[in-house]
Amino acid sequence: MNKIKDATDFIKEKLGSKRPTIGVILGSGLGSFADKVQDPIIIDYNEIPHFHATTVKGHSGKLVIGSIGEAQVAVFQGRFHYYEGHELDTVVLPVRVLAKIGCKKLILTNAAGGINSEYSPGDLVCLTDHINLTGSNPLIGKNNDELGVRFPDMSEAYSSKLASLLFDIANEMDLNLKAGVYAGVLGPSYETPAEIQMLKVLGADMVGMSTVPESIAANHAGLQVCAVSCITNLAAGISKEKLDHDDVKDVANQVITPFTKLLERAVIEMEKLN
């Protein structure tokens, strides 16, 4: 709890009159959305107590706080991953800090491998649910009642109300936003073809190495959560192509314009919701 307080107090000192109510965490290659934030306060992760520099390409490691339209936002450009050797408390520290500075809603984004045969690289997918195959959970250990209840409900890990808003905006944009279940795995190695077939049988439409711990911590904290995956490659065995992280970033760059427009509109409209 001291780590959360230290980081929260530091950020609050930087806020001035800003009071962010919507948090955004940006995945690989998606960080340029933060350029839409107006009158920004920019803080390097290295400056924030108990935060770390990001080590993964495509994660710039900055917190950007400001406004998009009438909405006050706090945007994390990049995240910490369990596979980097961080404890899960560190992985979800940004989520818990967002809750403590006053955010009520959270948009999670990621780059994911497509399992569903109807997906293609460059598709954007709204998460309807997830399967936690990381082998752990950020809530393991003694529960801190200041953060949330011992057994948080996960029956709607991704808010149907926020998801409906995303689909409405996508329809207005003539954007084919798809829906799917995300399988969260540990990484950092990509999955084998046999593992992908297993995930397909389990009901996963896409797979990635993030998001699930953050969603759990956010639900624990009482935040409304929605998430958007960018399908940057077809998973092993679905495609004959070798998997490479540089390709992930390249595909993310190709869809950054509709992705940014979707999130920008979503933030503005979410500010109007209870």
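Reader: Where is the place of Asp39?

Author: Asp39 sits in strand E2 (residues 38–44). Strands (E, at least two residues) and helices (H or I, at least four) are DSSP runs, numbered from the N terminus. Asp39 has a positive phi of about 50°, although it is not a glycine.

Reader: What should I know about the model?

Author: It is predicted: local features need pLDDT of at least 70, side-chain atom pairs count only at pLDDT 80 or more, and totals for chains, interfaces and linings use all residues. Residues are numbered from 1 along each chain as its sequence is written, and side-chain values use heavy atoms, with hydrogens and water left out.

Reader: How do I read two packed helices?

Author: They are described by the angle between their axes and the distance between the axes. Axes are lines fitted to C-alpha atoms, for helices over the stretch in contact, with angles from 0 to 180 degrees between N-to-C directions. Take H1 (residues 2–15) and H3 (residues 93–100): their axes come within 9 Å and cross at roughly 55°. H1 and H3 are therefore oblique to each other. Angles under 35 degrees count as roughly parallel, over 145 as roughly antiparallel, 65 to 115 as roughly perpendicular and the rest as oblique.

Reader: Which residues of H1 and H3 make the contact?

Author: Contact means heavy atoms within 4.5 Å. H1 brings Lys3, Ile4, Ala7, Thr8, Ile11 and Lys12, and H3 brings Leu93, Arg96, Val97 and Lys100. By class, that is five nonpolar, one polar and four charged residues. Ala, Val, Leu, Ile, Met, Phe, Trp, Tyr, Cys and Pro count as nonpolar, Asp, Glu, Lys and Arg as charged, and the others, Gly among them, as polar.

Reader: At what angle do H4 and H8 cross?

Author: The axes of H4 (residues 160–173) and H8 (residues 256–270) cross at roughly 125° and come within 10 Å. H4 and H8 are therefore oblique to each other. The H4 side of the contact includes Leu162, Leu165 and Ile169, and the H8 side includes Pro258, Leu262 and Arg265. This contact has ten nonpolar, no polar and four charged residues.

Reader: Where is Pro188, and what is its peptide bond from Gly187?

Author: Pro188 lies in the loop between strand E7 (178–185) and helix H5 (193–202). The peptide bond from Gly187 to Pro188 is cis, with omega near 5°.
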